[in-house]
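Good morning, and thank you for joining this group meeting. Please look at the sequence and the structure while I describe them.

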Amino acid sequence: MDNKAASKTYARRMRWSNLFTPTLRDAPGDAESASHKLLVRGGFMRQLHAGHYSMLPLGWKVHEKVAQIVREEMNAIGGQEFLLPAMHPKSLWEASGRWELMGDEMFRFEDRSGAEVGLGMTHEEVFASIATEINSYKTLPQIWYQLQWKFRDEPRPKAGLLRVREFVMKDSYSLDIDQAGLDANFDKHHEAYLKIFDRLDLEAMPVEASSGAMGGAGSIEFMVPSPSGEDDVVTCPNCDYQANVERATSKVDAISDDAPPAEPEKFATPGIRTIKALEDAGAPATSQMKSMIMVLDGNITIAVVRGDQQLNMQKLQDSTGAAELRPATPDETVEHLGAAPGSLGAVGVRDDIAIYVDESLQGRTNLTTGANEDDFHYRGVDIERDVNVMKYVDLREVRAGESCANCGTTLEIVRCIEAGHIFKLGTKYAEAMGAKVLDADGEMQTIVMGSYGIGIGRNMATIAETHFDDKGLIWPVSVAPFDVVITVMNMKDEATVNAANALYDELLAARIDVLIDDRDARAGVKFADSELIGIPYRVTMGPRGIADGLVEFTERSTMETEEIGLADIADKVKATLLS
RNA sequence: CGGGAAGUGGCCUAGUUUGGCUAAGGCGCCUGCUUUGGGAGCAGGAGAUCGAGAGUUCGAAUCUCUCCUUCCCGACCA
């Protein structure tokens, strides 16, 4: 890995005696995740309020190194850097329909004249509005990007930098004349992202994902396994199948049912409110219809999965195209279906209530379900005959232990942090903004867009989540706040100080990002701080060794120490960092 | 938004149950001395409207009410 570029940009004189890095022995009581504790303890950042963090000098330095790597890889695929406004007029977002769609997640306010504005959560609209100035296919393709602040009114910021309300994101947008062009640019981004994560030393898995509020045809998330993550990824250990649970599928064993009675039989089930209780009363969960009453864009809707399975709300949202969805309240179920949760079902409901049924129930019969009358259920239900199914769709959430749909191997589920996400948008935003060009035949074509995002702070935190030990952080050289620290054991020993300063100057001249710990502190303090902060290499210089012409060279990740001759240490450091 | 927990110097905590003198301890910080290869020692010192407001009381960190803030879980279990 080439560290020279980063070093050129960042090498500068820095003595620890003048460095503002307030390290703490104890993590703040309200920090839970590893990255949150360590980034605060190491003096990288401080919380201002929930979801808003101040970057201190060390934190900003790491942040900038991550950003620089992202820049370099975006430039490498022909990206051009922009900087767009963070504050947008309402009209722009109304044009795409997202002023409504984004709901409470968008920060909104009025300026002094009463005009409504919003803080940008993402920049499809703004970039598409600029793309209206492209008139010819000859100008395409384009890749446009920026590193810029995003604002999102998250319902629950959490885990330090992992989920915040304002953060720097690299967002890029590809502009093409057709789908083939989009596919090519999408693949370029896919490759660039893998390079970025490789340079950040993150083991990111590309997985199939839901496109959510972005819209569009295809999307891939880059997921880094970590217990602090918020997403579950289904992986096949055999055939490389990987997908977010919001999208993942698996093989379901076929179930053969006994012939049903001529019509559903209603039977009394006093006090039975759960799948489990109904199972105890003789109806296997695999033969129950779990009917969840949802409100989709204001309309009562029933989603049905098998009794032993779980509904994935994102799948329901994706397959219905609903902008907003929530479970119905108990009052609403009584009003629209006539019973409270626990006795609900899809048999014989009003015509205007849409019913979506999971594919695994197609063709099933002799099922048990709520009768929409408290304390009563139906049995002997034939789904084709008795339920007015609007559509069979994939609704159920894959669980660990199920079989891979491709190869039959037992699937695993891994908790992950979403480190990056790329989308094939299509023409939605270009259409809304009127971004059209003339093609080679003189025909007007709408520009085909893709959008691609990486959160810089989140990636910094993800590196922290995956690079630490009981002593503190262990940054990869590519993003470490410093490449190497020279730890001076005794600032009163002239020979040591002189040797340390000489090495410091030589490494600086070689463009190495070096820090000299020239504080008048005891050895233990200096060791503990350098390990907490996670500087990858340490040169330890003390009177004892200097007298014999020796210094120590320690690698943070392994804590292995090697004795090196004073005359050779500069070359050793250069060889290690610049090779 | 629902549920749970918690707010005491820069950081971690005790004290709150059972109201009572100048709010205690550790870390960190300042001064001096000593020390200098794994978060030293001694001495002295600075730093707190105990989250905010209202109330009860002779007296409130402690009891009551309201509000604010932060963290965790959830946002489907029919």
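Let me begin with a definition: a contact means heavy atoms within 4.5 Å. In chain A, residues 24 or more positions apart account for 70% of the contacts with a separation of 6 or more.

A word on conventions. This is a predicted model, in which local features need pLDDT of at least 70 and side-chain atom pairs count only at pLDDT 80 or more, while totals for chains, interfaces and linings use all residues. Residues are numbered from 1 along each chain as its sequence is written, chains are lettered from A and ligands numbered from 1 in the order in which they are written, and side-chain values use heavy atoms, with hydrogens and water left out.

Now the overall picture. Chain A contains 17 helices and 31 strands; helices (H or I, at least four residues) and strands (E, at least two) are DSSP runs, numbered from the N terminus. The C-alpha trace spans about 100 × 65 × 50 Å along its principal axes. Of the 579 residues, 53% count as buried, that is, under 20% relative accessible area, where exposed is over 50% and partly exposed lies in between (1.4 Å probe, protein chains only).

Let us turn to the RNA.

Which element gives the largest share of the surface near RNA strand B? That is α15, with 7 residues. At least two residues each come from β1 (45–49), β14 (289–296), α15 (523–533) and β29 (537–541).

Some polar side-chain atoms approach the bases. Gln310 has one at 2.4 Å from a base nitrogen of RNA strand B. For Glu552, a side-chain N or O atom is 2.4 Å from a base nitrogen, and for Arg522 such an atom is 3.1 Å from a base oxygen.

Finally, the backbone. Leu140 and Pro141 are joined by a cis peptide bond, with omega of about 0°, and Pro141 lies in the loop between α6 (124–131) and β7 (142–151). Asp375 is not a glycine, yet its phi is positive, about 70°. This residue sits in the loop between β18 (367–373) and β19 (376–381).

Note on methods: Polar contact = N/O pair within 3.5 Å; in protein donor to acceptor, adjacent residues only side chain to side chain.
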